[in-house]
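My plan is to go through it piece by piece and write down what I find.

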Amino acid sequence: MNFQSYFPVWNQLTDAQRDRILGSLAARSVKKGTLLHSGDDCTGLLLVKSGQLRAYILSEEGREITIYRLFDRDLCLFSASCMLRSIQFDVTIEAEKDTDLWVIPAEAYQQILAESAPLANCTNEIMAARFSEVMWLMEQVLWKSMDKRIASFLLEESAVEGTSRLSITHEAIANHLGTHREVVTRMLRYFQNEGMVKLSRGVVELTAEAKLRALQGA
């Protein structure tokens, strides 16, 4: 499938606006672990064709915490920081899997944004959805205990990957949740003792999802 079938409100743009986008965008294929955007770089807007990206922020101590993920057809606005002067935090975006995507230069997008009400409405909806995810994250960090957060993460990861056998390290889980690896290891060992997971090197297998869901909602 081509770019036109992925870009939101494509059919509501004028021919001139479509030509402007097509004439400026770049297709990229990146490997897992590739850093696509960091800090105040104005990378451009990222539209995912296939694969998976992760957006995260860094604490002063250098700990990571995932704020949202991007999947097929998702459009990332925070990678165009020059468009978002009111954003007061730096977002880093990396590929969690091998990913095919398009990069739309911020200048071209911003020009069309000023002309197109459908694109402006779509952009506002995407921004509102992203901030809702950030607010949800803040609620998790402020009000939920770490055992519930880890249970929620494991269930979400299982749904994303379509399997109960997760190839993920304790360090990676800690980076998603903004905590220390030792905290995750201690909690996972507790889960294992309670029969909720089975641990092996680089693998966390969910063995009692009902128990994890009960813990998540407790």
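In which strand does H37 lie? I looked it up in the model, which is predicted. H37 lies in strand β2, which covers residues 35-37.

**Entry 1: H37.** I then looked for polar partners of its side chain. I found the backbone oxygen of S79, which the H37 side chain reaches at 3.4 Å. I also found the backbone oxygen of V91, 3.5 Å from a polar atom of the H37 side chain.

**Entry 2: cysteines.** How many disulfides are there by the distance rule? I noted first what the bond is. A disulfide is a covalent bond between the sulfur atoms of two cysteines. The rule asks for two cysteine sulfur atoms within 2.5 Å. The count comes to 0.

I repeated the check for C122. Its closest cysteine sulfur is in C76, at 14 Å, and that is also too far for a bond.

I looked up burial for C76 and C122 as well. C76 has a relative accessible area of 0%, so I logged C76 as buried. C122 is at 12% relative accessibility and counts as buried too.

**Entry 3: nonpolar cores.** Which residues touch the most other members of the largest nonpolar core? I wrote down F3, F7, L53 and Y109. This core has 42 residues. Its largest share comes from α4, with 6 residues. I also noted a second, separate core of 22 residues. Among its members are I150, A151, F191 and L215.

I went back to F7 for its contacts. I left aside its neighbours within four places in sequence. F7 is then in contact with L13, I21, L47, I104, Y109 and L119.

**Entry 4: L142.** Where is L142 found? I placed L142 in helix α4, residues 117-143. Is L142 buried or exposed? Its relative accessibility is 55%. The cut-off for exposed is over 50%, so L142 counts as exposed. Last, I took a distance from L142 to A120. They are 22 residues apart in sequence. In space they are 33 Å apart, C-alpha to C-alpha.

Methods. Residues are numbered from 1 along each chain as its sequence is written. This is a predicted model: local features need pLDDT of at least 70, side-chain atom pairs count only at pLDDT 80 or more; totals for chains, interfaces and linings use all residues. Side-chain values use heavy atoms; hydrogens and water are left out. Helices (H or I, at least four residues) and strands (E, at least two) are DSSP runs, numbered from the N terminus. Buried means under 20% relative accessible area, exposed over 50%, partly exposed in between (1.4 Å probe, protein chains only). A polar contact is a pair of N or O atoms within 3.5 Å; within protein, one must be able to donate a hydrogen and the other to accept it, and residues adjacent in sequence count only if both atoms are side-chain atoms. A nonpolar core is a set of buried Ala, Val, Leu, Ile, Met, Phe, Trp, Tyr and Cys residues joined through side-chain atoms within 4.5 Å. Contact means heavy atoms within 4.5 Å.
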